[in-house]
Amino acid sequence: MGDIRKIVFEENKLEKKLCRLVGQAIGEFGMIEDGDKVMVCVSGGKDSYAMLDILMKLRERAPINFEIVAVNLDQKQPNFPAEILPNYLKSLGVQFHIEEQDTYSIVKRVVPEGKTTCGLCSRLRRGILYRVADELGATKIALGHHRDDILETLMLNMFYAGKLKGMPPKLRSDDGKHIVIRPLAYVPEKLLERYAGDMNFPIIPCDLCGSQPNLQRQVMKEMLRDWEKKHPGRVENLFRSMHHIVPSHLMDSEAFDFKNLEISTELTGIAARSSGDKAIDESELDELACGTLVQGTYNPPL
């Protein structure tokens with residue numbers, strides 16, 4: 001009996017933590033507003049299942065009213081178990097829509113053998129989901145990207161595109177007609193893995209992209225996990241750094257006007273918290289790296 005109580009306690013603790021992290025992200029970035037109709041994109045993976053589950057729980061407790069409609073895009077992948085998601089969504093009693101579009105054949109026809117299919121697949125999927133959102137009258141589109149996805153994207157852009165760019169928690173589509181949100185932005189993947197096991201979600205593997213080995217995103221994932229194992233806290237600090245951008249200490253002249261920089265005793269805005277020339281104090285950075293100096297100025301309460 002004691003073991004059962006312990007298991008239940010741990011499951012409840014995990015659920016509460018996920019609800020707190022998702023609620024925090026929603027609140028800080030204004031993801032969901034009163035009267036919204038949120039289209040929750042459900043792929044059949046652990047992340048989107050958890051996102052739907054947590055959003056449904058938060059909806060019951062939230063001080064605002066919003067609708068949820070779960071949407072799955074059936075891309076006609078070989079051996080895709082088409083009955084699993086409809087049956088699961090019916091059991092939840094949530095409004096849902098299954099959109100059937102054979103993007104798999106298009107991707108396989110257009111992309112040469114051995115090349116990455118993710119780019120084209122993502123563009124096709126995005127266009128279809130925007131159209132479905134219009135048809136359903138959805139005001140927000142919720143995607144299941146978590147904290148690790150955001151960090152992997154940051155690293156990929158730095159290493160391969162030469163950009164400091166990640167996945168924003170909230171964005172407006174290029175045509176200005178849709179708002180995309182990522183409610184799991186603060187949630188580490190390891191928590192979602194545990195939660196999926198606890199909840200026994202009916203996971204559907206992705207045979208299209210998952211069958212491609214050695215993708216660079218997987219390399220980034222393994223690198224981050226290795227860092228966290230060898231240097232606990234490093235990944236968390238990397239994520240926190242995305243909350244505290246100091247353009248005056250980077251090299252983007254469009255983000256900061258270096259040419260017209262003048263002598264002044266007054267600092268305002270982001271410059272006031274940039275530590276000035278102290279930000280290049282190597283001895284302070286060494287102390288931070290060694291753990292002899294604790295940095296606790298701008299950390300968000302994650």
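Lys76 counts as partly exposed, with a relative accessibility of 36%, where buried stands for under 20% relative accessible area, exposed for over 50% and partly exposed for values in between, computed with a 1.4 Å probe and protein chains only. The model is a predicted one, in which local features need pLDDT of at least 70 and side-chain atom pairs count only at pLDDT 80 or more, while totals for chains, interfaces and linings use all residues. Residues are numbered from 1 along each chain as its sequence is written, and side-chain values use heavy atoms, with hydrogens and water left out.

The side chain of Lys76 meets that of Glu100 in a salt bridge, at 3.2 Å from N to O; the term stands for a side-chain nitrogen of Lys or Arg within 4 Å of a carboxyl oxygen of Asp or Glu. Because Lys76 lies in the loop between β2 (67-74) and α3 (84-92) whereas Glu100 lies in strand β3 (residues 95-100), the pair ties together parts that are 24 residues apart in sequence. Helices (H or I, at least four residues) and strands (E, at least two) are DSSP runs, numbered from the N terminus.

## Other salt bridges and a network

In total, the structure holds 20 salt bridges. Side chains of opposite charge can pair when their charged atoms come close. Another of these contacts joins Glu236 to Arg147, at 2.8 Å from N to O. Since Glu236 belongs to helix α9 (residues 234-241) and Arg147 to helix α6 (residues 147-161), this pair ties together parts that are 89 residues apart in sequence. Within the pair, Glu236 is partly exposed, with a relative accessible area of 22%, and Arg147 is buried, at 9% relative accessibility.

A further salt bridge brings together the side chains of Arg225 and Glu189, at 3.1 Å from N to O. This pair links distant parts of the chain, with Arg225 in helix α8 (residues 216-230) and Glu189 in helix α7, 36 residues apart. Arg225 is partly exposed, with a relative accessible area of 42%, whereas Glu189 counts as buried, at 6% relative accessibility. Both residues also belong to one network, in which salt bridges that share partners join Lys46, Asp47, Glu152, Glu189, Glu193, Arg217, Lys221 and Arg225.

## Surface patches

## Cysteines

The count of disulfides comes to zero, a disulfide being a pair of cysteine sulfur atoms within 2.5 Å. Cys41 is buried, with a relative accessible area of 12%, and Cys121 is buried as well, with a value of 7%.

Asn79, in the loop between β2 and α3, has a phi near 65°, a positive value in a residue other than glycine, and Asn79 is exposed, with a relative accessible area of 76%. Asn200, found in the loop between α7 and α8, has a phi near 55°, which is again a positive value in a residue other than glycine; the relative accessible area of Asn200 is 64%, and this residue is exposed.

Ile106 has its place in helix α4 (residues 103-110) and counts as partly exposed, at 30% relative accessibility. A separation of 9.1 Å lies between the C-alpha atoms of Ile106 and Leu120, which are 14 residues apart along the chain.
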